[in-house]
Amino acid sequence: MVDYSAHFASAVSRLKGEGRYREFADLKRIRGRFPKAHCYSSDGMREVTIWCSNDYLGMGQHPKVIGAMHEAIDAAGAGSGGTRNISGTTRYHVELEAELANLHGKDAALLFNSGYMANEAALSTLARLLPNCVILSDELNHASMIEGIRQGRSDKQIFRHNDVADLDRRLRLLDPSRPKIVAFESVYSMDGDISPIAEICDVAKQHGALTYLDEVHAVGLYGPRGGGIAEREALLDRIDIFEGTLAKAFGLMGGYIAASAEIIDAIRCHAPGFIFTTSLAPVLAAGAVASIRHLKGSQEERRQHQRRARQLKAALRERGLPVMETPSHIVPVMVGDPSRCKQLTDQLMDEFAIYVQPINYPTVPRGTERLRLTPSPLHKDEDIAAVVVAIDMLWQRLALDRAA
(Lines give C-alpha, C1' and ligand atoms only; values in the text may rest on other atoms or scores of the structure.)
Protein backbone atom coordinates (compact mmCIF):
# COMPACT_ATOMS: atom_id res chain seq x y z
CA MET A 1 0.00 0.00 0.00
CA VAL A 2 1.12 3.52 -0.73
CA ASP A 3 1.81 5.60 2.36
CA TYR A 4 0.39 8.86 1.01
CA SER A 5 0.87 10.77 4.24
CA ALA A 6 4.57 9.92 4.29
CA HIS A 7 5.02 11.28 0.76
CA PHE A 8 3.36 14.56 1.63
CA ALA A 9 5.19 14.87 4.94
CA SER A 10 8.50 14.24 3.16
CA ALA A 11 7.79 16.97 0.62
CA VAL A 12 7.13 19.47 3.42
CA SER A 13 10.15 18.27 5.39
CA ARG A 14 12.44 18.99 2.43
CA LEU A 15 11.20 22.57 2.33
CA LYS A 16 11.83 22.97 6.05
CA GLY A 17 15.34 21.58 5.63
CA GLU A 18 16.07 24.15 2.93
CA GLY A 19 14.69 26.99 5.03
CA ARG A 20 11.87 27.54 2.52
CA TYR A 21 8.88 26.43 4.55
CA ARG A 22 6.27 29.18 4.43
CA GLU A 23 4.41 30.26 7.52
CA PHE A 24 1.45 32.62 7.39
CA ALA A 25 0.98 35.54 9.76
CA ASP A 26 -2.54 35.55 11.20
CA LEU A 27 -3.44 39.22 10.77
CA LYS A 28 -6.43 41.50 11.19
CA ARG A 29 -5.80 44.97 9.83
CA ILE A 30 -7.01 47.83 12.02
CA ARG A 31 -9.38 50.01 10.04
CA GLY A 32 -8.12 53.57 9.79
CA ARG A 33 -4.66 52.71 11.19
CA PHE A 34 -2.90 50.96 8.30
CA PRO A 35 -0.08 49.77 8.31
CA LYS A 36 -0.96 48.64 11.84
CA ALA A 37 -2.60 45.25 12.37
CA HIS A 38 -3.39 42.76 15.09
CA CYS A 39 -1.36 39.56 14.82
CA TYR A 40 -2.66 36.37 16.45
CA SER A 41 -0.52 33.46 17.66
CA SER A 42 -0.50 30.82 20.38
CA ASP A 43 0.89 33.51 22.69
CA GLY A 44 -2.12 35.75 22.15
CA MET A 45 -2.66 38.91 20.13
CA ARG A 46 -0.43 41.94 19.67
CA GLU A 47 -0.16 44.95 17.41
CA VAL A 48 2.39 44.87 14.58
CA THR A 49 3.48 47.12 11.72
CA ILE A 50 3.12 45.61 8.24
CA TRP A 51 6.04 46.26 5.88
CA CYS A 52 5.26 43.82 3.06
CA SER A 53 1.70 44.58 1.98
CA ASN A 54 0.82 44.92 -1.69
CA ASP A 55 -1.91 47.40 -0.72
CA TYR A 56 0.66 49.91 -1.90
CA LEU A 57 -1.40 53.07 -1.36
CA GLY A 58 -3.52 51.92 1.56
CA MET A 59 -6.65 52.20 -0.59
CA GLY A 60 -8.12 49.18 1.18
CA GLN A 61 -8.62 51.57 4.10
CA HIS A 62 -9.83 54.62 2.14
CA PRO A 63 -13.18 56.06 3.30
CA LYS A 64 -14.49 56.37 -0.28
CA VAL A 65 -13.78 52.69 -0.93
CA ILE A 66 -15.27 51.47 2.33
CA GLY A 67 -18.30 53.73 1.87
CA ALA A 68 -18.95 52.43 -1.64
CA MET A 69 -18.71 48.85 -0.40
CA HIS A 70 -21.20 49.50 2.41
CA GLU A 71 -23.62 51.01 -0.08
CA ALA A 72 -23.26 48.05 -2.44
CA ILE A 73 -23.78 45.36 0.15
CA ASP A 74 -26.81 47.19 1.54
CA ALA A 75 -28.26 47.56 -1.96
CA ALA A 76 -27.36 44.23 -3.58
CA GLY A 77 -26.38 41.77 -0.86
CA ALA A 78 -23.29 39.60 -0.64
CA GLY A 79 -22.54 37.34 -3.62
CA SER A 80 -22.90 37.80 -7.37
CA GLY A 81 -25.16 34.78 -7.79
CA GLY A 82 -23.35 32.98 -10.57
CA THR A 83 -20.92 33.06 -13.44
CA ARG A 84 -20.89 36.08 -15.69
CA ASN A 85 -23.03 34.22 -18.22
CA ILE A 86 -25.55 32.93 -15.68
CA SER A 87 -26.86 35.87 -13.62
CA GLY A 88 -23.41 36.97 -12.37
CA THR A 89 -23.05 40.13 -14.47
CA THR A 90 -24.25 42.97 -12.27
CA ARG A 91 -24.32 46.69 -12.84
CA TYR A 92 -21.22 46.94 -10.65
CA HIS A 93 -19.24 44.65 -12.98
CA VAL A 94 -20.30 46.59 -16.06
CA GLU A 95 -19.31 49.92 -14.49
CA LEU A 96 -15.97 48.54 -13.34
CA GLU A 97 -15.05 47.18 -16.78
CA ALA A 98 -15.90 50.56 -18.30
CA GLU A 99 -13.64 52.33 -15.79
CA LEU A 100 -10.77 49.94 -16.54
CA ALA A 101 -11.11 50.28 -20.31
CA ASN A 102 -11.06 54.05 -19.91
CA LEU A 103 -8.03 53.89 -17.61
CA HIS A 104 -5.97 52.19 -20.33
CA GLY A 105 -7.49 53.95 -23.33
CA LYS A 106 -9.00 50.76 -24.75
CA ASP A 107 -12.39 49.75 -26.15
CA ALA A 108 -13.21 47.21 -23.48
CA ALA A 109 -12.02 45.33 -20.40
CA LEU A 110 -12.74 41.94 -18.87
CA LEU A 111 -12.78 41.11 -15.15
CA PHE A 112 -11.29 38.02 -13.54
CA ASN A 113 -11.18 36.93 -9.91
CA SER A 114 -7.43 37.53 -9.65
CA GLY A 115 -4.50 38.83 -11.65
CA TYR A 116 -3.16 35.29 -11.80
CA MET A 117 -6.38 34.09 -13.42
CA ALA A 118 -6.35 37.01 -15.87
CA ASN A 119 -2.85 36.17 -17.13
CA GLU A 120 -3.42 32.44 -17.19
CA ALA A 121 -6.76 32.66 -19.03
CA ALA A 122 -5.84 35.45 -21.44
CA LEU A 123 -2.48 34.14 -22.60
CA SER A 124 -3.62 30.53 -22.94
CA THR A 125 -6.71 31.60 -24.89
CA LEU A 126 -4.80 33.92 -27.20
CA ALA A 127 -2.36 31.12 -27.99
CA ARG A 128 -5.18 28.70 -28.80
CA LEU A 129 -7.07 31.19 -30.97
CA LEU A 130 -4.07 32.15 -33.12
CA PRO A 131 -3.00 29.19 -35.33
CA ASN A 132 0.73 28.45 -35.24
CA CYS A 133 1.25 31.25 -32.68
CA VAL A 134 4.58 31.80 -30.96
CA ILE A 135 4.84 33.72 -27.68
CA LEU A 136 8.04 35.54 -26.79
CA SER A 137 8.25 35.90 -23.02
CA ASP A 138 10.67 37.88 -20.85
CA GLU A 139 12.70 35.47 -18.73
CA LEU A 140 11.55 37.12 -15.48
CA ASN A 141 7.83 37.11 -16.24
CA HIS A 142 5.48 36.20 -13.41
CA ALA A 143 4.46 32.59 -12.76
CA SER A 144 0.91 33.33 -13.94
CA MET A 145 2.20 34.41 -17.35
CA ILE A 146 4.42 31.35 -17.58
CA GLU A 147 1.49 29.09 -16.71
CA GLY A 148 -0.80 30.79 -19.22
CA ILE A 149 1.76 30.34 -21.97
CA ARG A 150 2.26 26.69 -20.99
CA GLN A 151 -1.45 25.96 -21.06
CA GLY A 152 -1.82 27.57 -24.49
CA ARG A 153 0.52 24.90 -25.88
CA SER A 154 1.86 27.20 -28.55
CA ASP A 155 5.54 27.54 -29.35
CA LYS A 156 7.36 29.87 -27.00
CA GLN A 157 10.69 31.57 -26.78
CA ILE A 158 12.24 33.14 -23.69
CA PHE A 159 14.17 36.35 -24.33
CA ARG A 160 16.75 37.75 -21.93
CA HIS A 161 15.34 40.09 -19.33
CA ASN A 162 14.61 43.54 -20.76
CA ASP A 163 16.99 42.75 -23.65
CA VAL A 164 15.53 44.41 -26.72
CA ALA A 165 18.36 43.22 -28.97
CA ASP A 166 17.75 39.58 -28.00
CA LEU A 167 14.02 40.01 -28.63
CA ASP A 168 14.71 41.56 -32.03
CA ARG A 169 17.08 38.74 -32.97
CA ARG A 170 14.50 36.12 -32.10
CA LEU A 171 11.70 37.87 -33.96
CA ARG A 172 13.85 38.22 -37.08
CA LEU A 173 14.26 34.44 -37.24
CA LEU A 174 10.48 33.84 -37.30
CA ASP A 175 8.29 33.68 -40.37
CA PRO A 176 6.85 37.21 -40.87
CA SER A 177 3.40 35.73 -41.55
CA ARG A 178 3.33 33.78 -38.28
CA PRO A 179 1.20 35.14 -35.37
CA LYS A 180 3.44 36.41 -32.57
CA ILE A 181 2.85 37.81 -29.07
CA VAL A 182 5.49 39.61 -27.00
CA ALA A 183 4.61 39.22 -23.31
CA PHE A 184 6.38 41.29 -20.66
CA GLU A 185 5.87 43.34 -17.50
CA SER A 186 6.30 47.02 -16.77
CA VAL A 187 7.52 46.90 -13.14
CA TYR A 188 9.13 43.62 -12.09
CA SER A 189 8.02 43.06 -8.54
CA MET A 190 11.09 41.39 -6.99
CA ASP A 191 13.95 43.49 -8.42
CA GLY A 192 11.89 46.64 -8.94
CA ASP A 193 13.27 47.38 -12.41
CA ILE A 194 11.18 48.81 -15.25
CA SER A 195 11.04 47.49 -18.78
CA PRO A 196 11.94 49.58 -21.86
CA ILE A 197 8.35 49.60 -23.09
CA ALA A 198 8.82 51.93 -26.06
CA GLU A 199 11.77 49.99 -27.44
CA ILE A 200 10.01 46.64 -26.99
CA CYS A 201 6.95 48.01 -28.78
CA ASP A 202 9.13 49.30 -31.64
CA VAL A 203 10.65 45.87 -32.19
CA ALA A 204 7.35 44.04 -31.78
CA LYS A 205 5.52 46.22 -34.29
CA GLN A 206 8.40 46.03 -36.75
CA HIS A 207 7.91 42.26 -36.81
CA GLY A 208 4.11 42.25 -36.69
CA ALA A 209 3.76 41.00 -33.11
CA LEU A 210 1.04 41.78 -30.60
CA THR A 211 2.20 43.35 -27.33
CA TYR A 212 0.91 41.99 -24.00
CA LEU A 213 1.92 44.10 -20.99
CA ASP A 214 1.44 43.10 -17.35
CA GLU A 215 1.07 46.35 -15.34
CA VAL A 216 0.11 44.64 -12.08
CA HIS A 217 2.74 46.49 -10.02
CA ALA A 218 2.21 49.82 -11.78
CA VAL A 219 -1.53 50.48 -12.19
CA GLY A 220 -2.70 53.10 -9.74
CA LEU A 221 0.91 54.01 -8.92
CA TYR A 222 2.23 55.68 -12.07
CA GLY A 223 0.83 57.98 -14.73
CA PRO A 224 -1.32 61.11 -14.43
CA ARG A 225 -4.46 59.00 -13.80
CA GLY A 226 -2.84 55.85 -12.43
CA GLY A 227 -2.80 54.05 -15.77
CA GLY A 228 0.65 52.61 -15.14
CA ILE A 229 4.10 53.03 -16.69
CA ALA A 230 2.64 52.95 -20.21
CA GLU A 231 0.44 55.94 -19.36
CA ARG A 232 3.32 57.75 -17.65
CA GLU A 233 5.38 57.38 -20.82
CA ALA A 234 2.45 58.20 -23.17
CA LEU A 235 2.49 54.70 -24.67
CA LEU A 236 -1.08 53.52 -24.08
CA ASP A 237 -1.77 53.27 -27.81
CA ARG A 238 1.35 51.14 -28.39
CA ILE A 239 0.15 48.25 -26.21
CA ASP A 240 -2.39 45.79 -27.64
CA ILE A 241 -3.37 44.04 -24.40
CA PHE A 242 -3.01 45.29 -20.84
CA GLU A 243 -3.25 43.03 -17.81
CA GLY A 244 -3.68 44.44 -14.34
CA THR A 245 -4.93 43.83 -10.84
CA LEU A 246 -7.36 45.36 -8.39
CA ALA A 247 -5.51 43.76 -5.45
CA LYS A 248 -2.48 46.02 -5.16
CA ALA A 249 -2.64 49.81 -5.60
CA PHE A 250 -6.45 49.75 -5.80
CA GLY A 251 -6.61 47.86 -2.50
CA LEU A 252 -9.19 45.16 -3.24
CA MET A 253 -9.31 41.87 -5.15
CA GLY A 254 -9.51 40.79 -8.77
CA GLY A 255 -7.69 41.03 -12.08
CA TYR A 256 -8.49 42.19 -15.58
CA ILE A 257 -7.38 42.67 -19.15
CA ALA A 258 -8.06 45.69 -21.37
CA ALA A 259 -7.79 45.65 -25.15
CA SER A 260 -9.73 46.13 -28.38
CA ALA A 261 -13.38 45.09 -28.48
CA GLU A 262 -12.51 42.16 -30.76
CA ILE A 263 -9.79 40.76 -28.47
CA ILE A 264 -11.91 41.13 -25.33
CA ASP A 265 -14.93 39.50 -26.96
CA ALA A 266 -12.85 36.58 -28.23
CA ILE A 267 -11.37 35.90 -24.78
CA ARG A 268 -14.75 36.37 -23.10
CA CYS A 269 -16.26 33.71 -25.35
CA HIS A 270 -13.40 31.18 -25.24
CA ALA A 271 -11.51 31.38 -21.90
CA PRO A 272 -12.55 28.55 -19.52
CA GLY A 273 -11.05 30.47 -16.61
CA PHE A 274 -13.58 33.20 -17.26
CA ILE A 275 -16.59 31.22 -18.45
CA PHE A 276 -16.75 28.69 -15.61
CA THR A 277 -15.92 30.92 -12.63
CA THR A 278 -18.39 32.67 -10.34
CA SER A 279 -17.92 36.39 -10.79
CA LEU A 280 -16.50 38.77 -8.23
CA ALA A 281 -18.86 39.78 -5.45
CA PRO A 282 -20.60 43.08 -6.32
CA VAL A 283 -19.24 44.64 -3.14
CA LEU A 284 -15.68 44.16 -4.44
CA ALA A 285 -16.52 45.62 -7.84
CA ALA A 286 -18.16 48.64 -6.19
CA GLY A 287 -15.11 49.25 -4.02
CA ALA A 288 -12.81 48.95 -7.03
CA VAL A 289 -14.84 51.51 -8.99
CA ALA A 290 -14.54 53.97 -6.11
CA SER A 291 -10.79 53.34 -5.78
CA ILE A 292 -10.07 53.75 -9.49
CA ARG A 293 -12.17 56.91 -9.77
CA HIS A 294 -10.42 58.45 -6.79
CA LEU A 295 -6.93 57.66 -8.08
CA LYS A 296 -7.78 58.93 -11.56
CA GLY A 297 -8.26 62.35 -10.00
CA SER A 298 -5.84 62.40 -7.06
CA GLN A 299 -2.06 62.62 -7.31
CA GLU A 300 -1.45 62.95 -3.57
CA GLU A 301 -1.27 59.22 -2.82
CA ARG A 302 1.20 58.63 -5.67
CA ARG A 303 3.41 61.58 -4.66
CA GLN A 304 3.54 60.52 -1.03
CA HIS A 305 4.16 56.88 -1.99
CA GLN A 306 7.21 57.77 -4.06
CA ARG A 307 8.48 60.08 -1.32
CA ARG A 308 8.26 57.32 1.27
CA ALA A 309 10.04 54.86 -1.05
CA ARG A 310 12.91 57.32 -1.59
CA GLN A 311 13.07 58.03 2.14
CA LEU A 312 13.29 54.34 3.05
CA LYS A 313 15.94 53.57 0.43
CA ALA A 314 18.08 56.49 1.60
CA ALA A 315 17.81 55.46 5.26
CA LEU A 316 18.83 51.88 4.47
CA ARG A 317 21.79 53.06 2.38
CA GLU A 318 22.95 55.34 5.20
CA ARG A 319 23.25 52.27 7.41
CA GLY A 320 25.25 50.44 4.77
CA LEU A 321 22.54 47.83 4.23
CA PRO A 322 22.45 46.08 0.83
CA VAL A 323 19.32 47.70 -0.60
CA MET A 324 19.01 47.23 -4.36
CA GLU A 325 18.86 50.43 -6.39
CA THR A 326 15.56 50.43 -8.25
CA PRO A 327 13.72 53.04 -10.33
CA SER A 328 10.40 51.97 -8.81
CA HIS A 329 8.71 51.81 -5.42
CA ILE A 330 9.99 48.27 -4.72
CA VAL A 331 12.65 48.16 -1.95
CA PRO A 332 14.56 44.81 -1.98
CA VAL A 333 17.20 44.20 0.72
CA MET A 334 19.42 41.29 -0.26
CA VAL A 335 20.16 38.49 2.24
CA GLY A 336 21.25 35.65 -0.06
CA ASP A 337 20.37 32.67 2.15
CA PRO A 338 16.90 31.21 2.78
CA SER A 339 17.42 30.09 6.39
CA ARG A 340 19.00 33.35 7.49
CA CYS A 341 16.39 35.33 5.63
CA LYS A 342 13.66 33.58 7.59
CA GLN A 343 15.64 33.93 10.81
CA LEU A 344 15.87 37.67 10.19
CA THR A 345 12.16 38.10 9.53
CA ASP A 346 11.22 35.91 12.51
CA GLN A 347 13.30 38.11 14.80
CA LEU A 348 11.86 41.29 13.30
CA MET A 349 8.42 40.03 14.27
CA ASP A 350 9.34 38.51 17.64
CA GLU A 351 11.47 41.36 18.94
CA PHE A 352 10.21 44.45 17.14
CA ALA A 353 6.61 43.65 16.10
CA ILE A 354 7.60 44.34 12.48
CA TYR A 355 6.08 42.02 9.91
CA VAL A 356 8.13 41.33 6.77
CA GLN A 357 7.71 38.09 4.85
CA PRO A 358 10.94 36.40 3.64
CA ILE A 359 11.16 36.09 -0.13
CA ASN A 360 12.72 32.76 -1.11
CA TYR A 361 12.88 30.38 -4.09
CA PRO A 362 10.86 29.82 -6.26
CA THR A 363 9.67 33.43 -6.06
CA VAL A 364 13.28 34.53 -6.61
CA PRO A 365 16.32 32.52 -7.81
CA ARG A 366 18.28 30.56 -5.21
CA GLY A 367 20.99 32.68 -3.64
CA THR A 368 19.02 35.92 -4.05
CA GLU A 369 16.74 35.54 -1.03
CA ARG A 370 15.69 38.92 0.29
CA LEU A 371 13.45 41.18 2.26
CA ARG A 372 10.99 43.01 0.04
CA LEU A 373 9.85 46.17 1.78
CA THR A 374 6.79 48.03 0.52
CA PRO A 375 6.46 51.53 1.98
CA SER A 376 3.07 53.17 1.67
CA PRO A 377 1.83 56.76 1.98
CA LEU A 378 0.49 55.78 5.40
CA HIS A 379 3.85 54.73 6.86
CA LYS A 380 5.10 57.52 9.10
CA ASP A 381 8.62 58.87 9.69
CA GLU A 382 8.80 56.93 12.95
CA ASP A 383 7.79 53.69 11.17
CA ILE A 384 10.65 54.10 8.71
CA ALA A 385 13.13 54.91 11.47
CA ALA A 386 12.01 51.88 13.47
CA VAL A 387 12.28 49.36 10.65
CA VAL A 388 15.72 50.61 9.56
CA VAL A 389 17.12 50.51 13.10
CA ALA A 390 15.70 47.02 13.67
CA ILE A 391 17.07 45.60 10.40
CA ASP A 392 20.48 47.15 11.04
CA MET A 393 20.64 45.75 14.58
CA LEU A 394 19.71 42.23 13.44
CA TRP A 395 22.07 42.44 10.45
CA GLN A 396 24.94 43.01 12.86
CA ARG A 397 23.79 40.33 15.27
CA LEU A 398 23.44 37.70 12.51
CA ALA A 399 26.73 38.82 10.90
CA LEU A 400 25.05 39.17 7.51
CA ASP A 401 26.99 40.40 4.50
CA ARG A 402 26.40 44.09 3.77
CA ALA A 403 27.55 43.55 0.20
CA ALA A 404 25.09 40.72 -0.47
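The following conversation goes through some features of a predicted model.

Reader: What kind of model is this, and which residues count for local features?
Author: This is a predicted model, in which local features need pLDDT of at least 70 and side-chain atom pairs count only at pLDDT 80 or more, while totals for chains, interfaces and linings use all residues. Residues are numbered from 1 along each chain as its sequence is written, and side-chain values use heavy atoms, with hydrogens and water left out.

Reader: Let us take strand 9. Is strand 9 mostly covered or mostly uncovered?
Author: Strand 9 (residues 241-245) is mostly covered, as 5 of its 5 residues are buried. Buried means under 20% relative accessible area, exposed means over 50%, and partly exposed is in between (1.4 Å probe, protein chains only). Strands (E, at least two residues) and helices (H or I, at least four) are DSSP runs, numbered from the N terminus.

Reader: Which residues lie on each side of strand 9?
Author: Ile241, Glu243 and Thr245 are on one side, and Phe242 and Gly244 are on the other. In a regular strand the side chains alternate between the two faces of the sheet.

Reader: Which strands pair with strand 9?
Author: Strand 8 (residues 210-214) pairs with strand 9 in the parallel sense over 3 bridges, and Leu213 stands opposite Phe242 there. Strand 10 (residues 255-259) pairs with strand 9 in the antiparallel sense over 4 bridges, with Gly244 opposite Tyr256. Two strands pair if DSSP finds at least two bridges between them.

Reader: Changing topic, how many aromatic pairs are there?
Author: The count comes to 1 aromatic pair. The ring centres of Phe112 and Phe274 are 5.7 Å apart and their planes are at 70°, so the pair is edge-to-face. Phe112 lies in strand 4 (residues 108-112) and Phe274 in helix 10 (residues 272-275), so the pair ties together parts that are 162 residues apart in sequence. By the rule, rings of Phe, Tyr and Trp (its six-membered ring) pair if their centres lie within 6.5 Å; planes under 30 degrees apart count as stacked, over 60 as edge-to-face and the rest as tilted.

Reader: And Asp166, is this residue buried or exposed?
Author: Asp166 is buried, with a relative accessible area of 1%. Asp166 is found in helix 6 (residues 164-172).

Reader: Which side chain does the side chain of Asp166 make a polar contact with?
Author: The partner is the side chain of Arg169, at 2.8 Å. A polar contact is a pair of N or O atoms within 3.5 Å; within protein, one must be able to donate a hydrogen and the other to accept it, and residues adjacent in sequence count only if both atoms are side-chain atoms.
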